[in-house]
Amino acid sequence: MKVTEHIEKAKGKTLFSFEILPPKKGDNLQTIFSNINPLMEFNPPFIDVTYHREEYEYKELPNGLLEKIIIRKRPGTVGICAALQLKYKVDAVPHLICGGFSKEDTEDILIDLNFLGIDNVLVLRGDAIKSEGVFRPHPNGYKYANELVEHVTAMNKGKYLHDEYASGATNFCVGVAGYPEKHFESPNLDTDLHYLKKKINAGAKYIVTQLFYNNQKYFDFVDKCRNIGITVPIIPGIKPISIKNHLTVLPNVFHIDMPQDLVLEVEKCKNNKEVYEVGIEWSIQQCKELMKHNVPVLHFYSMGRSKNILKIAKELF
Ligand SMILES: Cc1cc2nc3c(=O)[nH]c(=O)nc-3n(C[C@H](O)[C@H](O)[C@H](O)COP(=O)(O)OP(=O)(O)OC[C@H]3O[C@@H](n4cnc5c(N)ncnc54)[C@H](O)[C@@H]3O)c2cc1C
């Protein structure tokens with residue numbers, strides 16, 4: 001079923017969902033399953049699985065020269081989605097990124113997803129390769145997420161890259177990312193929203209937000225979206241903080257602000273065990289307020305671990 005159909009079926013009740021990462025290459029799925037198992041009690045209608053682009057590493061050769069190696073540390077998104085649908089009878093939402101893929105690669109992945117009975121994709125641009133710093137599209141790929149959304153929309157109409165090989169239409173429900181505190185490359189929130197609307201105009205049917213810790217930022221973001229005619233569901237992304245380092249790491253990685261009240265609470269903690277509890281309590285309060293505002297779904301960034309999310313879900317659902 002499509003994410004949007006799950007939301008419609010819930011008739012205003014807030015749903016629970018979460019995102020997982022594929023395991024590092026060589027690890028098996030068991031750890032993922034043991035983290036997911038306890039969360040299934042809260043009936044997530046869908047589970048997202050992230051996609052990870054290639055990275056470059058340099059290996060020193062015996063002659064002292066450096067060899068550039070291209071590796072994908074977390075492959076397996078498509079396979080995990082199939083495994084989730086089979087094991088839990090839940091809708092898996094694979095993320096699909098522009099970075100590192102040609103248009104043909106992308107179309108092949110989408111054809112696989114369609115054959116596997118996967119109805120949803122979260123379409124993203126992806127970030128720059130760590131060692132490059134600036135996002136560079138594949139020479140025959142897409143520069144922005146809206147272009148990839150257009151590709152999926154065309155396939156939904158039965159139009160493939162090379163028309164002479166065209167077969168039946170796909171029927172994907174496309175989600176895209178939104179940034180209540182703006183995307184870090186954007187000069188301002190209004191410009192970012194202009195491009196968010198472009199993704200919706202290209203055929204995206206729902207938005208999942210970047211994580212945030214101040215609900216007011218989400219509420220203002222939703223208001224601004226509605227004011228420019230974005231009417232699709234806007235799903236808030238939640239990540240409980242769990243270690244003191246998150247105070248600096250999360251703003252650095254995700255370009256978000258931490259409210260001062262949260263910072264003070266964390267700074268009072270004597271150890272990370274206490275920080276973990278502060279993170280849980282903050283998320284519970286955040287989610288309770290979001291639920292009062294009838295958000296369609298609470299979507300948790302689990303990073304593959306579930307104990308804190310389990311505690312939060314027990315208080316909310
Ligand atoms: C919910 C969520 C899930 C994510 N999952 C993954 C994942 O699985 N794998 C992964 O690698 N990354 C993931 N990311 C990170 C994401 O790939 C990065 O944030 C990336 O930098 C931007 O992706 P985007 O799809 O928002 O890009 P875009 O929508 O393409 O926007 C990128 C920037 O370009 C601007 N822009 C957009 N369109 C245009 C245009 N047509 N012309 C000019 N400027 C434009 C935007 O304002 C923005 O500043 C996720 C992010 C979120 C919020």
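**Ligand site**

I began with H183, where a polar side-chain atom lies 2.8 Å from an oxygen atom of the ligand. The model I am reading is a predicted one. I then looked at Y179, and found a polar side-chain atom of Y179 2.7 Å from an oxygen atom of the ligand. On the nitrogen side I checked N146: an N or O atom in its side chain is 3.1 Å from a nitrogen atom of the ligand.

How many residues surround the ligand? I noted 23, and Y179 is among the closest, together with Y51, D127, D192 and K199.

**α4 and α5**

I turned next to helix packing, which is described by the angle between two axes and the distance between the axes. Helix α4 covers residues 103–115 and helix α5 residues 145–156; their axes come within 11 Å and cross at roughly 50°. That angle makes α4 oblique to α5, and I logged the crossing as right-handed. From α4, the contact uses K103, T106, E107, L110 and I111. From α5, L148, H151, V152 and M155 take part. I sorted the contact residues by class and got five nonpolar, two polar and two charged.

**α7 and α10**

I looked up helix α7 (residues 215–227) against helix α10 (residues 272–292), and read an angle of about 30° with the axes 10 Å apart. Which residues of α7 meet α10? I listed N215, Y218 and F219, which meet Q286, E289 and L290 in α10. The contact of α7 with α10 divides into three nonpolar, two polar and one charged residue.

**α10 and α11**

I stayed on α10 and took helix α11 (residues 307–316) as its partner: the two axes come within 9 Å and cross at roughly 40°. Are α10 and α11 roughly parallel or oblique to each other? At that angle α10 and α11 are oblique, and I recorded a right-handed crossing. On the α10 side I wrote down Y276, E277, I280, S283, I284, C287, K288 and M291. These meet K307, N308, K311, I312, E315 and L316 in α11. I counted the classes in the contact of α10 with α11 as seven nonpolar, two polar and five charged.

Notes:
Residues numbered from 1 in each chain as written. Predicted model: local features only at pLDDT ≥ 70, side-chain atom pairs only at ≥ 80, totals over all residues. Heavy atoms only, no water. Axes fitted to C-alpha atoms, helices over the stretch in contact; angles between N-to-C directions. Helix = DSSP H or I, 4+ residues; strand = E, 2+ residues; numbered from the N terminus. Contact = heavy atoms within 4.5 Å. Nonpolar A, V, L, I, M, F, W, Y, C, P; charged D, E, K, R; others polar. Near = heavy atom within 4 Å. Polar contact = N/O pair within 3.5 Å; in protein donor to acceptor, adjacent residues only side chain to side chain. Parallel < 35°, antiparallel > 145°, perpendicular 65-115°, else oblique. Left-handed = near helix turned anticlockwise from the far one by under 90°.
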